[in-house]
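Here's a quick briefing on a protein model. Have a look at the picture, then read on.

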Amino acid sequence: MRVGMRGRVLSVASECVPLIKTGGLADVVGALPAALAVQGWDMRVLLPCYRNLRAMAADWPDVLVEEGLWGGTGRVLSGEVAGLSVLLLDAPHLYDREGGPYAGRSGDWADNPQRFAALSWVAARLAREGIDGWKPDVLHAHDWQAGLAPAYLAYYGSGGCASVMTVHNIAFQGWAAPWMLGDLRLPVQEFHPDALEYFGQLSSLKAGLVTADRITTVSPTYAAELTRPEYGMGLQGVIAARESRVSGILNGVDTAVWTPKAEPVPYAVGDMGGKAANRAALCATFGLSVSGPLAIVVSRLTDQKGIDLLPKVIPEFVAQGGGLAILGSGDPALEAAMAALADRFPGRVGLRIGYDEALSHQMFAGADAVLVPSRFEPCGLTQMYGLTYGALPVVAAVGGLADTVIHASPAAMATGVATGISFHPTDAVAFGQALRQLVALFADTAAWARVQRNAMTHPVGWEASARAYAALYDGLRR
Ligand code: ADP
Ligand code: GLC
């Protein structure tokens with residue numbers, strides 16, 4: 001049910017589906033506006049106008065011009081894309097480049113601190129002044145790239161606009177050299193450990209954490225983990241000091257896009273015939289022939305994701321009849337390790353290096369299980385896709401993975417609530433044990449069908465989370 005108009009939010013981020021994506025941040029930033037519209041919150045998203053967006057926005061009108069934006073003029077262009085109200089910061093000297101949002105061919109852009117300071121600077125001005133009668137009540141900053149926006153509101157005046165800083169991943173903190181303080185338009189007197197300073201450096205994320213009215217992160221467990229040294233990555237003290245302002249709001253997934261009902265061979269609870277056809281197609285795509293559970297990994301190949309554990313556990317899994325299809329890209333050493341694993345087990349382990357949204361859909365539709373052995377995971381989306389597609393999640397019990405998967409313990413099986421398998425700690429021993437449990441569960445057809453049904457009916461949509469964000473914004477409206 002749609003409620004009356006409650007207020008306006010300017011959401012500020014470096015990624016947003018369907019415009020630009022490198023990870024789950026984009027999915028979340030792209031999904032929030034529609035989810036919040038149902039709650040009566042009118043949200044617009046401000047993003048940099050990267051090269052890939054310029055043609056689309058060529059005839060969008062300017063709604064704000066900012067001179068002297070770190071070496072050139074910035075123009076905010078306003079338009080609509082797929083039902084989203086989008087504001088693009090067009091500053092060609094900062095964003096019109098060949099490459100990704102953060103890096104070109106030879107690594108991270110050296111001026112990333114300035115590029116995202118510019119985004120944050122313009123965000124703060126928009127929040128303070130509004131545009132064309134649209135004046136936000138709340139500025140919602142996502143990750144370090146928007147971290148200076150709450151800081152600029154705090155230091156240069158907020159115009160009555162409140163701020164929320166959301167941490168999607170505390171491993172990325174937006175560091176800059178201390179001598180850049182002035183260039184980044186930050187007050188010298190704030191360069192101390194209780195404010196902008198982080199072990200001698202400047203940190204844009206920390207700037208947001210110390211100045212925002214509220215801090216959120218993307219699962220309740222990660223919110224608690226962030227106060228501990230093993231997960232807080234040096235910022236645990238900052239989070240702990242502001243604990244009364246911190247909350248964990250679980251991400252949802254776009255259930256119109258991520259549903260087996262929308263796949264080329266559809267299936268649903270009670271009508272699972274299509275799953276077998278999708279499984280056969282997936283085996284054909286990866287050249288696999290598998291009698292036991294067919295598992296997938298769809299992931300950035302990085303240390304965070306525990307990918308280095310696969311070569312340690314997959315040989316036994318394969319020996320027990322399992323198979324694995326991997327889609328991902330990232331760390332070259334991990335890409336090479338995955339290639340070696342696929343070479344070692346032809347017909348049982350398949351690999352695609354790259355980024356392929358359509359293939360990822362086909363993989364969830366065909367898989368029996370999705371493996372997510374992360375060392376830390378603020379929320380994680382692929383385990384939730386696994387739930388909706390009946391590709392049972394096998395996850396490390398950390399962060400949002402712990403909050404979204406109900407482990408098939410004897411008690412959960414007896415009460416009929418299990419939705420997957422989780423293990424702790426994130427090491428090869430526990431992961432190997434989880435895969436043995438997966439093989440055994442797969443062999444017990446009746447038990448497998450029960451867990452699969454629970455998984456597919458587990459709510460993963462945005463509704464509950466959107467209500468939580470709406471309540472948070474309500475509490476901030478001035
Ligand atoms: P993170 O944001 O840390 O990478 P999430 O699980 O939150 O992790 O989100 C990852 C998102 O990126 C998911 O939508 C996932 O399907 C997608 N993804 C990751 N790697 C690939 C890939 N190689 N091809 C297609 N989609 C991918
Ligand atoms: C980050 C996290 C991931 C989370 C995503 C969206 O990329 O690594 O766990 O799901 O942001 O919030």
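Domain bounds here come from an automatic or database domain assignment. With that in hand, the chain splits into domain 1 (7–252 + 462–477) and domain 2 (260–457). A bit of housekeeping: this is a predicted model, where local features need pLDDT of at least 70, side-chain atom pairs count only at pLDDT 80 or more, and totals for chains, interfaces and linings use all residues. Residues are numbered from 1 along each chain as its sequence is written, chains are lettered from A and ligands numbered from 1 in the order in which they are written, and side-chain values use heavy atoms, with hydrogens and water left out.

**The two domains**

- The C-alpha centres of domain 1 and domain 2 are 32 Å apart.
- Their contact (heavy atoms within 4.5 Å) takes 19 residues from domain 1 and 18 residues from domain 2.

**The nonpolar cores**

- A nonpolar core is a set of buried Ala, Val, Leu, Ile, Met, Phe, Trp, Tyr and Cys residues joined through side-chain atoms within 4.5 Å; buried means under 20% relative accessible area, exposed over 50%, and partly exposed in between (1.4 Å probe, protein chains only).
- The largest core has 156 residues, and L46, I314, L371 and V394 touch the most other members.
- Helix α4 (residues 112–129) is the top contributor to this core, with 10 residues; helices (H or I, at least four residues) and strands (E, at least two) are DSSP runs, numbered from the N terminus.
- Domain 1 and domain 2 both give residues to this core, so it lies between them.
- Setting aside neighbours within four places in sequence, I314 is in contact with L324, L341, V349, L371 and L435.
- There's also a second, separate core of 19 residues, with V9, L36, L472 and L476 among them.

**The second largest pocket**

- On a 1 Å grid over the protein atoms alone, a pocket is an open set of points with protein on both sides within 12 Å along at least five of seven lines, and lining residues have an atom within 4 Å of a point.
- The second largest pocket holds about 500 Å³ of space, where grid points are joined across faces, edges and corners, and a volume is the space filled by probe spheres set on the points.
- Its lining has 26 residues, and V17, D27, G30, A31 and D254 are the closest to the pocket's centre.
- Helix α1 gives the largest share of that lining, seven residues, while α1 (24–38), β2 (41–48) and β5 (84–90) each supply at least two.
- Both domains give residues to the lining of the second largest pocket, so this pocket lies between them.

- A34 sits in helix α1 and, at 54% relative accessibility, counts as exposed.
- The C-alpha atoms of A34 and W462 are separated by 9.4 Å, though these residues are 428 apart along the chain.

- Most residues other than glycine have a negative phi, and most peptide bonds are trans.
- V17 and P18 are joined by a cis peptide bond, with omega about 10°, and P18 is in the loop between β1 (7–12) and α1.
- The peptide bond from H424 to P425 is cis too, with omega near -5°; P425 is in the loop between β20 (421–423) and α17 (428–443).
- W70 has a positive phi, near 50°, in the loop between β3 (62–66) and β4 (74–81), and at 13% relative accessibility W70 counts as buried.

Note on methods
On a 1 Å grid over the protein atoms alone, a cavity is a set of points where a 1.4 Å probe fits but cannot get out, and a pocket is an open set with protein on both sides within 12 Å along at least five of seven lines; lining residues have an atom within 4 Å of a point.
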